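This report sets out the computed structural features of a single model.

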Amino acid sequence: MTKGLVRYYGTQDLHFITCSCYRRQPQLHTAKRRDLFLRILEETRRKYRFVVHGYVLMPEHFHLLITEPEVGDPSVVMKVFKQRFARRLNQRRKRTSSAQTALWDPTPDPVWQKRFYDFNVWRERKRIEKLRYLHRNPVKRGLVAQPDQWKWSSFRAYVYGEPGLVRVNFQEWPLEIKRRPVEKFDTGTQRPLIRKERE
């Protein structure tokens, strides 16, 4: 485990997750890859039973705002999701690469950086702040002039009610709140990277 990284699960908080591509390379630079990402996210959402409150895909990273899953925990979800996307992407790469290229580079670069950043969101004000941040990210980066022009975020679901490839604020299973003790995943007494103090 990365030194000093502490995760807080079992609190029924939302989780604002940030994950980067390997060495910040733009692995999500095409519409086809971003659509693949969203399809796999939706499959994972259904299988692990969590609610997506917001998302945005950028060329070299993504942000998610999700509930804790009913099956597993956010770490399990991220591991499974990242592996499935990387596997599918590498399968496509193999099909499109020539036999000559395969001789020189048999192992593709990793798709994702190891680990991910997870911030517990426990107040409505923070939830709105994180949603605004992720929806404005494409505008801030100069990819589009207005948030509704970026197809790969949850903005259009909020403003226009469009379902998109990922269902936002949607739960098709009966809600079961399971009480579990708060788990603290660390190996010592390191300070958490998630936050300094609750606001």
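## A buried lysine

Lys 126 is buried, because its relative accessible area is 7% and buried means under 20%, exposed over 50% and partly exposed in between, with a 1.4 Å probe and protein chains only. Lys 126 belongs to helix α4; helices (H or I, at least four residues) and strands (E, at least two) are DSSP runs, numbered from the N terminus. The C-alpha atom of Lys 126 is 9.8 Å from that of Leu 14, although 112 residues separate the two along the chain.

The model is predicted, local features need pLDDT of at least 70, side-chain atom pairs count only at pLDDT 80 or more, and totals for chains, interfaces and linings use all residues. Residues are numbered from 1 along each chain as its sequence is written, and side-chain values use heavy atoms, with hydrogens and water left out.

## Overall architecture

The chain contains 5 helices and 6 strands. In sequence order they follow the pattern β-β-α-β-β-α-α-β-α-α-β.

Buried residues make up 45% of the 199 residues of the chain. With contact defined as heavy atoms within 4.5 Å, 78% of the contacts between residues at least 6 apart in sequence join residues at least 24 apart.

## The nonpolar core

A nonpolar core is a set of buried Ala, Val, Leu, Ile, Met, Phe, Trp, Tyr and Cys residues joined through side-chain atoms within 4.5 Å. The largest such core has 42 residues, and Phe 37, Phe 85 and Trp 112 have the most contacts inside it. Two or more residues of this core come from each of β2 (14–20), α1, β3 (52–57), β4 (61–66), α2, β5 (117–121) and α4 (124–140). The largest share, 7 residues, is supplied by α2.

Leaving aside residues up to four places away in sequence, Phe 37 touches Leu 28, Leu 57, Phe 62, Phe 81, Phe 85 and Trp 112.

## Aromatic pairs

Rings of Phe, Tyr and Trp (its six-membered ring) pair if their centres lie within 6.5 Å; planes under 30 degrees apart count as stacked, over 60 as edge-to-face and the rest as tilted. By this rule there are 10 aromatic pairs. In one of them, the ring centres of Phe 37 and Phe 81 are 4.7 Å apart and the planes stand at 85°, so the pair is edge-to-face. Phe 37 is in helix α1 and Phe 81 in helix α2, so this pair ties together parts that are 44 residues apart in sequence.

Both Phe 37 and Phe 81 are buried. Together with Phe 62, Phe 85 and Trp 112, they form one aromatic cluster.

## Salt bridges

Side chains of opposite charge can pair when their charged atoms come close. Here a salt bridge is a side-chain nitrogen of Lys or Arg within 4 Å of a carboxyl oxygen of Asp or Glu, and the structure holds 10 of them. Glu 42 is bridged to Arg 45, with the closest N and O atoms 2.7 Å apart. Both residues lie in helix α1 (residues 31–48), 3 residues apart, about one turn of the helix, and both Glu 42 and Arg 45 are buried.

Glu 43 forms a salt bridge with Arg 84, again with closest N and O atoms 2.7 Å apart. This pair links distant parts of the chain, since Glu 43 is in helix α1 and Arg 84 in helix α2 (residues 74–96), 41 residues apart. Glu 43 is partly exposed at 35% relative accessible area, and Arg 84 is partly exposed at 27%. A further salt bridge joins Arg 156 and Glu 162 at 2.8 Å, N to O; Arg 156 is partly exposed at 24% relative accessibility, as is Glu 162 at 34%.

## Surface

Accessible areas come from the Shrake-Rupley method with a 1.4 Å probe; for residues, only the protein chains shown count as cover. The chain exposes about 11,500 Å², of which carbon and sulfur atoms supply 53%.

Patches are made of residues with over 30% relative accessible area and no salt bridge, like charges being joined within 9 Å and nonpolar side chains (Val, Leu, Ile, Met, Phe, Trp, Tyr) within 5 Å. Tyr 158, Val 159 and Tyr 160 make a nonpolar surface patch of about 290 Å². Val 159 lies in helix α5 (residues 155–160) and is partly exposed, with a relative accessible area of 46%.
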